[in-house]
Each structure stands twice: as structure tokens, then as C-alpha cells.
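Student: I'm about to open a structure that is new to me. Could you walk me through reading it?

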Protein chains: 4
Amino acid sequence: MPTKAEIQTFLLREFPQTTVLVDEAGDGWARVRQPVGEEHLRPGGTVSGPTLMAVADVAAYVAVLAAIGIVPLAVTTNLNINFLNKPAAGRAIIGEAALLKLGKRLAVIDVRLYSEGEPAPVAQASVTYSIPPAR
Amino acid sequence: MPTKAEIQTFLLREFPQTTVLVDEAGDGWARVRQPVGEEHLRPGGTVSGPTLMAVADVAAYVAVLAAIGIVPLAVTTNLNINFLNKPAAGRAIIGEAALLKLGKRLAVIDVRLYSEGEPAPVAQASVTYSIPPAR
Amino acid sequence: MPTKAEIQTFLLREFPQTTVLVDEAGDGWARVRQPVGEEHLRPGGTVSGPTLMAVADVAAYVAVLAAIGIVPLAVTTNLNINFLNKPAAGRAIIGEAALLKLGKRLAVIDVRLYSEGEPAPVAQASVTYSIPPAR
Amino acid sequence: MPTKAEIQTFLLREFPQTTVLVDEAGDGWARVRQPVGEEHLRPGGTVSGPTLMAVADVAAYVAVLAAIGIVPLAVTTNLNINFLNKPAAGRAIIGEAALLKLGKRLAVIDVRLYSEGEPAPVAQASVTYSIPPAR
């Protein structure tokens, strides 16, 4: 299975725009970190919804890669996100992803997003990835 | 009800990073356009999932604003998106949003995303907005 | 492609408990009808949420069957439903399903549910079916 | 806060058709049990999707009631369910619900469904309830 560094390298190749960092990635589990800059904020000082959705998608992808190896053609087929609490402006967004199912064709991942250091999640997402048949 | 230009101005204030343009906005309906640049692409030449999710969120927001007026505190509470077909790299993403329900507390919006000029949708989303009590 | 009667027969074999009727089924589209009895009602005279979810699932299934033929092993993988308006107690629930995507592995269906004769939908659902590889 | 027995009594009044039993209900958490009979089965011996959706909805409702008290007018506004593994025919369905958020207007609940005694979940759902303003 790929190391954290291999996943990070691959992630930057697949999503050249992302600034998400792979904190940890194990068997069926991943934690990522989105440092928050001006480009992620909304007036009033909160992190934008699209930023949260992007982190959820990447966190789920990292958990899949950690479980099945570096697979370029895995694609998101469904993402459902509940926005729960307003994220703090001055804190990184932490994404924790856990595989609920890893089938031959589909993986389903539960993601919780947090403002770093805060106990209550800012969002919960479930994400479905389609896994290419050839692997 | 606000004009298209008023919604565009408000949108840029609320989402300073967005490059989404308001094409049309009427009673319970909106169409927006995301010009696609390098920052939206993935290797192989397709538009990234996070770009699509951001367009869906903004399209829904514009449909809500067009129906209830400029309301700064409306917030997304849930977004569910199905990715259907790979978007073309060289075409803008068009988001068409239609209100399914406009209640006192919640609005539910159906969004279809297209690569401009293509008939088959690239994604379908349903989005729930919470409407502030004070309006 | 199967006739309406063939789909109805198959439906009763696969879901022996269902009382849903196949009204129409064409290429990528279906309409079903759930007659409403005491077993579907909640106090105060409205149709229960589980009844609506069951109709959405069946409507989507009928649209898939109408498009790919009688395939016993198609299974629902995801269902997302938004409850929009309180259904009337004395009216059948009508489910209208339209295929958004029919791929080799997945079908995605948009479903609108109505109280018969009422213009505003009582619920909207999107449903994903996994299609068996052998077909 | 209501006892388990009070919730069970209320549940039978609100959903007269349900055969779901309240196993446990605490602060922000609930476990329910659906005994499985012929009426819940599909050919081949598995529990039907509509049965699972109904259990998810009830489990979420019980978790809300346990947290806010007996509130007749709480209504489901959104339910998203991922079907993960085929449930066993001969085992009860267990629903475990945990509140992700309890706001003034909305509650969001994560639900995991199991075939009793099996470690892998058969489904995961997230459910949003609208809480009446008057409480």
C-alpha cells in the first residue's frame, strides 16, 4: 500500500490546484488538513462551503487510495454533505475519512470535517467512489 | 425582486473568490456560467469535481436570491450531488437551478450542470438552504 | 424492452409486499401509483415518509427496468430524498421517474412524488442503481 | 427527558404501523430493533430497501425525541442512505443513531444499520429533522 508521501505526490498530480495536506493515511482511514487562507474565506470570517466540499472529496479519495493503492481512475459518483456548524476563520479544516464499504466496484466513505482544535464537526459528508474494473 | 446585476454584485461580495457569472435569474429559476480556466481542470482535461460542486452551490443560491431578495444570511444546510458524465475541458460549465420548494425556513433547489452546448448533464444536485427567520 | 405488464409482474415477484402499480413505463421514464390505505397514513391524515421512500425506490427501479430490460440483480446503492410538502391523506401517491444517466455500471434516476391531482411535488428523490456486469 | 417506554408509546401513536422496538435511547443517541418477518423480505432472502429506510428514519426520530423530548411536529426534511452490504434474512435489523447536530431549527443524525450480530453495517444514512419553533 502507498505511503503518505506517495499519496501526497499523486494527489498534487491529480489535483494540481489543491493545497490539502495528507496528515495520515492507513488501512481504511485518512486525515487531511486544509490550511485556510484568504481564498477560502467568506465575509464575516468563515470558511466557504465549496472549500469544505473540496476537502471532503479529497479526504475520501485519500482513504480510498490508502486502501486500494494509487488508482488514477477512481472517480466520485456521489457526494452528500450536511453543513453543521460555522467553521472558524483562523483555523485549518481537518478532514477525517473512514471507509464504510470497499467493494469491487464502489467504495463508500464517511467524512467528518472539523475546525482544527474544535470538538464539534463543521460538516459531515458521505462520498461514493467508483473503482475502475481493471485493478 | 433583485435584478440580475444586483445579484451578481451581491454574489461577488459574499463569495469574493467566485468567477461564476449570473446569466439569468427569474422567479424560482436561475442560470449561471462558470468560465473554465486552468485552475478548474484535472489532468486529462476534465473539470474537477470541486468546481462542479461550487457551481451547483452558487446556482442554487442565485435561484434563492432571485425568489426572496438579497438575503445575506441564507446558508446551505445540505448538498447532494450525482456526477453523471465527464465534463469537457474546453467548455464553460452551465448551472441551471429550479426551486422545488420555497418555505418559510427552508428552500430546496434542483440543479443541473452542463458542459456548454452539450445536451447531457454532467451532474445533478439538490441543495437545501436555510432561510433566516427575520426576513 | 419489457411491456408495462411484464414489469408489473416482475415487480410483484421481486417485492411481494408492494401495492405499487405501474402506470406507464417508456424509454428512460416511468410513472407509478401507490394507492393509499390505512397502512400508509400517520395520525392527522398524511402519508408516512417510509411510504414515500418506498414509492421513490420502486419508481426508479421501474424506469431502470424499462430501459435495460428485466434484470433481477440491479440493486439500489444510494437514495437521497427531500420531503417538500405534506401529502394529502385521501389521494394516491404518484411517482414520476426519469433516467439522468444510464451507464454500464450505474444508473441515476430523478424521481418526483405527487399527491394525485396536486401540482406541487410532495418529495424529490435521486436514486442510484448498480447494474450487474453480466447483462 | 422521556424514558424509553415513553418514546416507544409515542412512536406507536405516530407510526401506528411500525413494529420497530426502542432498545435504548440516551442523550443524543438511540438504538432500535426491527424484527424481520416475511413482510420485510425479498426473494432470495434479504431484507428490502424500504424496510431499511423506514428503520433509519425511525432510529433518527428516536434519537431526536430522546434529546428534545416528545415533540409531535418534528418532520424529516432530508434522508440520504447508502446501501452497503446485503442484510441477512434471518436476523433483526439494528439501527444505531447519533446526533451530529441539534440546532434550534434542524437536527442532523447519523444512522448505521446492522444485521444483528454482524460487525459490518448494511447501510449508512444521514437524516435531517426540522424542529418546530414553538418548543
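Here we go through the sheet, a helix pair and the chain contacts.

Tutor: First, this is a predicted model, where local features need pLDDT of at least 70, side-chain atom pairs count only at pLDDT 80 or more, and totals for chains, interfaces and linings use all residues. Residues are numbered from 1 along each chain as its sequence is written, while chains are lettered from A and ligands numbered from 1 in the order in which they are written.

Student: How many strands form the open sheet, and in what order?

Tutor: Strands of a sheet pair through backbone hydrogen bonds, either parallel or antiparallel. Helices (H or I, at least four residues) and strands (E, at least two) are DSSP runs, numbered from the N terminus, and two strands pair if DSSP finds at least two bridges between them. Here 12 strands make an open, antiparallel sheet, ordered β1(A)-β2(A)-β6(A)-β7(A)-β8(A)-β5(A)-β5(B)-β8(B)-β7(B)-β6(B)-β2(B)-β1(B). At the edges sit β1 (21–26) of chain A and β1 (21–26) of chain B, each pairing on one side only. From one strand to the next, the twist averages 20°.

Student: Which strand of chain B does β5(A) pair with?

Tutor: Its partner is β5 (residues 75–83) of chain B, antiparallel over five bridges. In that pairing, A:N80 has B:N80 as its bridge partner. Within chain A, β6 (residues 93–102) and β7 (residues 106–115) run antiparallel, joined by nine bridges; A:E96 is bridged to A:R112 in β7(A).

Student: At what angle do α1(A) and α2(A) pack?

Tutor: Two packed helices are described by the angle between their axes and the distance between the axes. Axes are lines fitted to C-alpha atoms, for helices over the stretch in contact, with angles from 0 to 180 degrees between N-to-C directions. For α1(A) and α2(A), the angle is about 130° and the axes are 11 Å apart. That makes α1(A) oblique to α2(A) (under 35 degrees is roughly parallel, over 145 roughly antiparallel, 65 to 115 roughly perpendicular, the rest oblique).

Student: Which residues of α1(A) meet α2(A)?

Tutor: A:I7, A:F10 and A:L11 do, against A:V58, A:V62, A:L65 and A:A66. A contact means C-beta atoms, placed from the backbone, within 7 Å.

Student: How many residues do chains A and B each give to their contact?

Tutor: Chain A gives 22 residues and chain B gives 22 residues. On the chain A side, β5(A) gives the most, with nine residues.

Methods:
Contact = placed C-beta atoms within 7 Å.
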